[in-house]
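Dear colleague,

Please find below the structure that I promised to hand over. My findings follow it, and I would be grateful if you read them with the model open.

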There are 2 protein chains.
Amino acid sequence: MKIGILVVGDELTRGMVQDANASYLAPILQEEGWEVSFIAASGDGGEDIATALRFLLSHSRAVIVTGGLGPTADDRTTESLARAFGRGCFRDEEALRRIRERFDLLGIPWTENNAKQADFPEGAVPVPNLGGTAWGYVLEDEGKTVAVLPGVPSEVRRMFPEGVLPLLRERLSGGGKGPLKRTLKLFGISESRIDEVLAGVDFASLGISLGFYPRFPENHLVLTSRNSDRAAERNLEEAVERVRRSLGQYIFARDEETLEGVVASLLWERKRTLAVAESCTGGLVADRLTDVPGSSAYFERGLVVYSNASKEEMLHVPAAVLEAHGAVSEETARAMAEGVSALAGTDLGLSTTGIAGPGGGTDLKPVGTVFVAVAGERGTVCRKFRFRWNRRRIKEISAHWALEMLRRYLEGE
Amino acid sequence: MKIGILVVGDELTRGMVQDANASYLAPILQEEGWEVSFIAASGDGGEDIATALRFLLSHSRAVIVTGGLGPTADDRTTESLARAFGRGCFRDEEALRRIRERFDLLGIPWTENNAKQADFPEGAVPVPNLGGTAWGYVLEDEGKTVAVLPGVPSEVRRMFPEGVLPLLRERLSGGGKGPLKRTLKLFGISESRIDEVLAGVDFASLGISLGFYPRFPENHLVLTSRNSDRAAERNLEEAVERVRRSLGQYIFARDEETLEGVVASLLWERKRTLAVAESCTGGLVADRLTDVPGSSAYFERGLVVYSNASKEEMLHVPAAVLEAHGAVSEETARAMAEGVSALAGTDLGLSTTGIAGPGGGTDLKPVGTVFVAVAGERGTVCRKFRFRWNRRRIKEISAHWALEMLRRYLEGE
């Protein structure tokens, strides 16, 4: 079953913004067992929208369109679609009432051009927009299905799973709850190694298919079962168990969880407090930890100790250690983690020190050399890394390893 | 003059990665004075590539294709194009020699399938790849031009401006150096306000067109002159001057410069050192400052003072101030900036404190209330903000304002 995606907007063909809707929709369609025929982006012109739509329809059973549903003269998706299908438009009074209500609720003065957002091609089933005023709709024509959504990514993310996907399943897959899926997030193992390991695991006999999504520096594995009955649920759990048996140590999260979120939950559950001392990651570890709402409950403070003076004065890293081993060394990393935990009076201390480059590397300590240490009640652990990326990516993967080492420490690994 | 863009790869139609090539190419084509007809993404199948290419060619004078040029059986762009144009392929010996040289240079064993990367449709002009092994090419057919590049974004960014754009200019615009352009980066003013202000400014008589690219939280303004002679250069400078006269205070950078890069240059030139104390931005200000290579020369340390204890102990923010005014207050922000500068012995101190949400807001200090302070030889300045975004965006715009206030302080504004 092939589905096309059409994203509409001059801002896309002019390169003003990067598409965020096709890249959101494509993996979902893939996991439903449908295939994306083509993705197309067209400008706001009515003729362009119709041209791209005709192309996609001629190669697809269904097309999902986003964008061009707003109140202004630039928004021509509905009029263009109605003309392409030779239909008139109707005004949906229920939609109009609810769009007006939203204006009242937000205290925004109503202007008449907004009524356009309650106009739909004849025969269309309106899809409510709970996060905005441009409603979507689903339309059938000569055995093809067209689903239309506004262009605002947050509205698509709400309306598609709630209002469109169930209708598409009904029309394209005979209804049902849709596939069961589980995302496993892995870190610290390469794409090709995961491939190799899983090549020897039998998923087919469980009716489970595997999708693979690299998201630097993580690798996401999506297990999907086409059915959704009790047997399928058991098979999915069995498939997850099989992945866990061969790759368990690399799995840090499931589904919507993030690494910083998992670390936050562990700190919260175990009632542990944390302080961080960063050199090469320059504040990125603290930044990620404080992205979690409520992080002040366990994150006491963070220090970005770029100068040697700051390492000595605040963390009491001995000058002798800095002199003998250098700021980028296991000894310094350990002293930083222990020092920041002592300074802040926290249960745990986490530290990073390394050479992010492009300058500053030597033969013995080339660019990309990084040490991460965790200090706590079970003693201090430290690990040395050698990364081969640019400055920003070295910061990112170092921060990720810092959080991952903390997670493993908290898990008692 | 209309140009289509085709990005090829199963990883795109399956949603495994987000397109980075069409979004790079579209604004460049726009600034050249060409219009992007449609952007299409197709999978790796030979039939799919040909179908999408035919669609784009029927609506465009030229098409730029990226992807599907590698050595494996999955890479079918060239064979698919040759068939679509009814041509055979030839092996370019010069290309083959240079691709083999690259393998030798990198010490990678040569395998025969790599020779495929020196095969081109008959009549094609090869485009060397200095950053990889898949060469590109430009092909003419029945008055249409097709330019083909590999899918790796970093290779596209190198090969397109050097190897493809000059050829396209020759064929589509009669040669020349291409348009002159200048990007002005603005912050602290809304899109609609910029629009309003510039509506009254005459650019047309200078032969200058304006492009507008919002990049949260910045707004980028691109001024373009179609000509590239001395008169055009003068007109471009005059247009920049006209923008500066009405919006100068909001312009923080030009062209490839970043805000942290501009701040870094100012600190470097003025031989000033900096320490940062962050609360609500949680390390993001330090993270951005340390993204600049060589930042250890002026960035002495950063503190993420999440707890009140850390503000008192390390920064000597008086307990009385915290009690009377709260951690989120002008008084605390000032004490933090002055305290961190005193602690670190730096010329300047920069601080942020606020409520990033979603919890923690009150009637008097709702979520999004943020104070930023800069302390230095000209005294301490502090500013209060009220942002209406989610937690991550509040962190991002607060960090941006912190860097911007530092920039203005250094500029003596």
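In this predicted model, the centres of domain 1 of chain A and domain 2 of chain A, taken over C-alpha atoms, lie 33 Å apart. Five residues from domain 1 of chain A and five residues from domain 2 of chain A make up the contact. The domain assignment places domain 1 at residues 2-173, domain 2 at 181-254 and domain 3 at 259-411 of chain A.

Between domain 1 and domain 2 of chain A, an area of about 410 Å² is buried, and carbon and sulfur atoms give 44% of it. On the side of domain 1, the residues that lose the most area to domain 2 are Pro27(A), Glu31(A) and Gly33(A), which together account for 82% of what that side buries.

The interface of these two domains also holds one salt bridge. Lys181(A) forms a salt bridge with Glu31(A), with the closest N and O atoms 2.4 Å apart. Two residue pairs are in polar contact between domain 1 and domain 2 of chain A.

Is Lys185(B) buried or exposed? Lys185(B) is buried and has no salt bridge. The nearest side chain of opposite charge, that of Glu218(B), is 5.1 Å away, whereas a salt bridge requires the atoms to be within 4 Å. The side chain of Lys185(B) does reach the backbone oxygen of Glu257(B), at 2.7 Å. Beyond its neighbours within four places in sequence, Lys185(B) is in contact with several residues, including His220(B), Tyr250(B), Phe252(B) and Asp255(B).

Yours sincerely

Notes: Residues numbered from 1 in each chain as written. Chains lettered and ligands numbered in written order. Predicted model: local features only at pLDDT ≥ 70, side-chain atom pairs only at ≥ 80, totals over all residues. Heavy atoms only, no water. Buried < 20%, exposed > 50% of the residue type's maximum accessible area, 1.4 Å probe, protein only. Lys, Arg positive; Asp, Glu negative; His and termini not counted. Polar contact = N/O pair within 3.5 Å; in protein donor to acceptor, adjacent residues only side chain to side chain. Contact = heavy atoms within 4.5 Å. Domains from an automatic or database assignment. Buried area = accessible area lost by both parts, 1.4 Å probe.
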